[in-house]
Amino acid sequence: MGSLWSRTVHPPTFPALDRDLTTDVLIIGGGLAGVLCCHCLTRAGVDCALVEARTLCSGVTKDTTAKLTSQHGLIYQRLVKEFDRETARLYYEANQAALEEYRALCRGIDCDFEEKDSFLYAMEDRRALDREMEALEELSIPARLVEKLPLPFPTVGAVCFPRQAQFHPLKFISAVSKGLPIYERTSAREFLPGGVSTGEHIIHADRVIVCTHFPFLNKHGSYFLKLYQERSYVLALEDGPQVEGMYLDGVGDGPSLRNYGSYLFLGGGSHRTGRPGEGWNGLSAMANRYYPSKKEACRWAAQDCITLDGVPYIGRYSPRTPGLFVATGFNKWGMTSSMVSALLLTDLLTGRESPWAHVFDPSRTILRPQLAVNAMEAAADLMTFGERRCPHMGCALKWNPQERSWDCPCHGSRFSEEGKLLDNPATGDLS
C-alpha cells in the first residue's frame, strides 16, 4: 500500500539538527504547508528554519489527490449563509491567489502541472447545485452549469470552475525545497520561552509556526475541540479512460475522479477516523461496476482535519500566544490551503496587512453545531472501556481492520498494530 506519488518520487533528504540554532522564525512540520511557508519566508528575506520529526512529506502530503482548485465542494453557499458575502468573496480570492501562485511557480518546475476544469456534480438532487450557482453568481465568481459529463454513471449536472489545475505534489516539493534551511529527524519536543527544545538542542526563535497537520499543543487554542479528522480512500486504475477534468460529488457518495497520465484515480469512502466506514471496499465495488476491465495499480488513504465551519485555521495560534502561529484544518483541500497559509503567514510575519486574515483567524467564534458533536463524542470515547488508550488525551482506541491500525475516534491519532505512531496529534508511540 502506498500512493502513486511516493512510488514514483522520493523527496530530497536533509540533515538532522546537530547543534543549537538561532533563527527569526521556526517552522514545525515538513509537509506541503511547512515547506511553502519556508519557501515564501525565505523569498521575503526572513531568516527561518524548518524542523521535521521524520522525513520530508512523510505525513499526509504524500497521500493527497493533488487537485489545485478554489472549488471546495458546496462551500460558497455555506459561507454566504453562515458568514456573509464579503467573507465568501475573500475566501475565493485567497484560494484563487494560491492557484495563481502555483501556476507561476510551476512554469519553472517539472511537476506534471496540468490545467484542468473542476466539476462539482450531483447524481440525483440538483437543487444543491442550483443554490451553489446562485451564490457564485452573487459573488461574481466565474463558473457555469454543465448538463452532460463524460462519466460512466448518470448525473443531473455539475458546477464547473474553469482553468483549475492538478500536479505531482512530491515532484513539486522536491524542487521547491532545494536549498531551504530544513532539518529532518528533528522533533520539537518542548516549547520554551523564546524557543523550542528538541531534547538534544535548543532552537532560539521569537516566532514559531506550527504546521503539523493537527496542532499538538493542547493548552492553547482548544484545537482538540475545534477539529476532528476523517479518513478517505483512493484507488489508482491502470489505463483508465481520460475524464478530461477533476470531479467531485457535491451532494452524495459518488466518487471523486481525476487522471494522472494513464491512471484514473477514484476517491471516496470518507468516514470519521476511528469510526466504521466502507473504505476501499466501497471504492472497489465502484471500480468493478464502472470500470470492470481496469486493473488496480495501487491504493492508499488520506487523513484530513475538519474545522467547525469549513474554513481553515490560519494565523495566531491563540490570543495568549503572540509569537506562535498555526496552519491547520484544511478540510480536504490541502493543496490550495497550504499555499494560502504560506502567503497569509508571510504577510503577518513581515508586517504587511492581509485582507484574508480575519477570514481564516483561528480565534473566530467556535459557536457552531459541530462543536457540540465533537465534545459529546470525545466525552463518550473517554468513558469507553478499552485496554489501548491514546496518549494524546486518553480516548479508547478502535481497531481498523482494513488498514490494520489502532485509530483514535476523538482526535484522529493512529498507531500501527505494534503501537508505532502513524498520525498525530499524539506525539509518541503506544507504551
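Biologist: Which residues line the largest cavity?

Modeller: This is a predicted model, so every value here is computed from it. The lining of the largest cavity consists of Lys67, Thr69, Gln71, Gly73, Ser118, Phe119, Leu120, Met246, Tyr247, Leu248 and Trp333. Two elements, β5 (114-121) and β14 (246-249), each give two or more residues to that lining.

Biologist: What makes a space a cavity and not a pocket?

Modeller: A 1.4 Å probe fits in a cavity but cannot get out, whereas a pocket is open. By this rule, the count is 1 cavity of 30 Å³ or more. The largest cavity has a volume of about 50 Å³.

Biologist: Which classes make up the lining of the second largest pocket?

Modeller: The lining has 7 charged, 6 polar and 6 nonpolar residues. Asp, Glu, Lys and Arg count as charged, so Lys62, Asp63, Arg231 and Arg414 belong to that class.

Biologist: Which element gives the largest share of that lining?

Modeller: β17 does, with 4 residues. Both β17 (296-306) and β23 (421-423) supply at least two residues to the lining of the second largest pocket.

Biologist: What does helix α8 pack against?

Modeller: The buried residues of α8 pack against β13 (228-237), β16 (263-272) and β17. In α8 (residues 280-290), the buried residues are Trp280, Gly282, Leu283, Ser284, Met286, Ala287 and Tyr290.

Biologist: Why is isoleucine 141 called buried?

Modeller: The cut-off for buried is under 20% relative accessible area. Isoleucine 141 has 6%, so the word applies. This residue sits in the loop between α5 (127-138) and β6 (144-146).

Biologist: Which residues does isoleucine 141 touch, leaving out those up to four places away in sequence?

Modeller: Tyr76, Tyr92, Leu136 and Phe161. Contact means heavy atoms within 4.5 Å, so each of these four meets that cut-off with isoleucine 141.

Biologist: How far is the C-alpha atom of isoleucine 141 from that of arginine 89?

Modeller: The separation is 8.2 Å. Along the chain, the two residues are 52 residues apart.

Notes
Residues numbered from 1 in each chain as written. Predicted model: local features only at pLDDT ≥ 70, side-chain atom pairs only at ≥ 80, totals over all residues. Heavy atoms only, no water. 1 Å grid on protein atoms, 1.4 Å probe; cavity = no way out; pocket = protein on both sides within 12 Å on 5 of 7 lines; lining within 4 Å. Points joined across faces, edges and corners; volume = space filled by probe spheres on them. Buried < 20%, exposed > 50% of the residue type's maximum accessible area, 1.4 Å probe, protein only.
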